[in-house]
Amino acid sequence: MKIIDKELVFLDDQLEGEEIVHAERKLSDIAGIFQDESARASMDQDQFAYEVDCHFPVEEGTLGGLFFGITKLYPGKVGDEYFMTKGHFHAESERAEYYWGIKGHGVLILMDRDGNTWGEKMYPGSLHYIPSHIAHRVANVGDELLSFGACWPSDAGHDYETIATDGFTARLKEVDGVPTLIPSK
Ligand code: PAN
Ligand code: ZN
C-alpha cells in the first residue's frame, strides 16, 4: 500500500511534470486568422502569440479519458484585433469543455453551428462551460499575459479546418478603447 508522489504539479499558471507536452504558436503559425493578414505578415514572425502546456495521460482519441491544458496568450494586436487562439470545434463535435481564467483579462469567443457568435469575459477565477457543438477561441484584451486552464475529453479531437476556412462570424476588436465584437465581413 504505497503512497506515491507523481510529481505532477499545477500551481498558479504553471503545469509541471515529466509528461507535460509543450506547444508554441508564433505569429508565423497563425497566418490567416486575423482580418488584416498583411499587418500580421509585417510583424516579427518569431513573436509568440501563445504557448500551451498539456497533460495527456492517455492517447489522443481514447474514449473515457480527460486532457488538461494551460494556455498562455500574450498581449498584443494585429491592427485593431486582439491576439487570439486559432479556435476550433471539437472533431467529435458532441464534446464539451471547461475553461477557467487564471491571469489577465480576455474574452472567450463562442460560436454555434448556425453562426451565432457571443463572448464571455475571462478574468482570474472566471469559469466557462463550453457546451458541445460550440466553436471556441480566446482573445487577450489586456496589457498583460492571459493564462487560462482547460479540461476536455480525450476523444474530442480538434477541427481547426472549419474555422480556418469559414472563421467566426464576429471578430473581437478594440473600438474606442473597448473590446467589441464586430460582425466579420
Ligand atoms: C484548448 C486549446 C488551446 C489553444 O486547450 O487547444 O487553448 O487554442 P487552439 O487549440 O484553438 O489553438 C482547447 O480548447 N482544447 O480543446
Ligand atoms: Zn477545445
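**Around the ligand**

Guide: This is a predicted model, and of the 15 residues around ligand 1, the ones that come nearest are Y50, T71, G87, Y99 and Y160.

Visitor: What lies 2.8 Å from an oxygen atom of ligand 1?

Guide: A polar atom in the side chain of T71 lies 2.8 Å from an oxygen atom of ligand 1, and a backbone N or O atom of G87 also lies 2.8 Å from an oxygen atom of the ligand.

Visitor: And how does H136 come in, which part of it and at what distance?

Guide: In H136 it is an N or O atom of the side chain, which is 3.3 Å from an oxygen atom of ligand 1.

Visitor: How much of the ligand's accessible area does the protein cover?

Guide: Ligand 1 has 390 Å² of accessible area on its own, and the protein covers 96% of it.

Visitor: Which pocket does ligand 1 sit in, and which elements give two or more residues to the shell?

Guide: Ligand 1 sits in the largest pocket, and the elements that give two or more residues to its shell are β8 (97-103) and β13 (146-153). The largest share, three residues, comes from β13.

Visitor: What is the shell like by class?

Guide: The shell around ligand 1 has six nonpolar, seven polar and two charged residues.

Visitor: Changing topic, how do β14 and β15 pair?

Guide: Strand β14 (residues 170-175) pairs with strand β15 (residues 178-183) in the antiparallel sense, over six bridges, and K173 stands opposite T180 in β15.

Visitor: And what about the turn there?

Guide: The two strands, β14 and β15, form a hairpin with two residues between them, and D176 in the turn has a positive phi of about 50°.

Technical notes
Residues numbered from 1 in each chain as written. Chains lettered and ligands numbered in written order. Predicted model: local features only at pLDDT ≥ 70, side-chain atom pairs only at ≥ 80, totals over all residues. Heavy atoms only, no water. Near = heavy atom within 4 Å. Polar contact = N/O pair within 3.5 Å; in protein donor to acceptor, adjacent residues only side chain to side chain. Areas by Shrake-Rupley, 256 points an atom, 1.4 Å probe, with all protein chains shown as cover. 1 Å grid on protein atoms, 1.4 Å probe; cavity = no way out; pocket = protein on both sides within 12 Å on 5 of 7 lines; lining within 4 Å. Sits in = over half its atoms within 2 Å of the grid points. Helix = DSSP H or I, 4+ residues; strand = E, 2+ residues; numbered from the N terminus. Nonpolar A, V, L, I, M, F, W, Y, C, P; charged D, E, K, R; others polar. Pairing = 2+ DSSP bridges.
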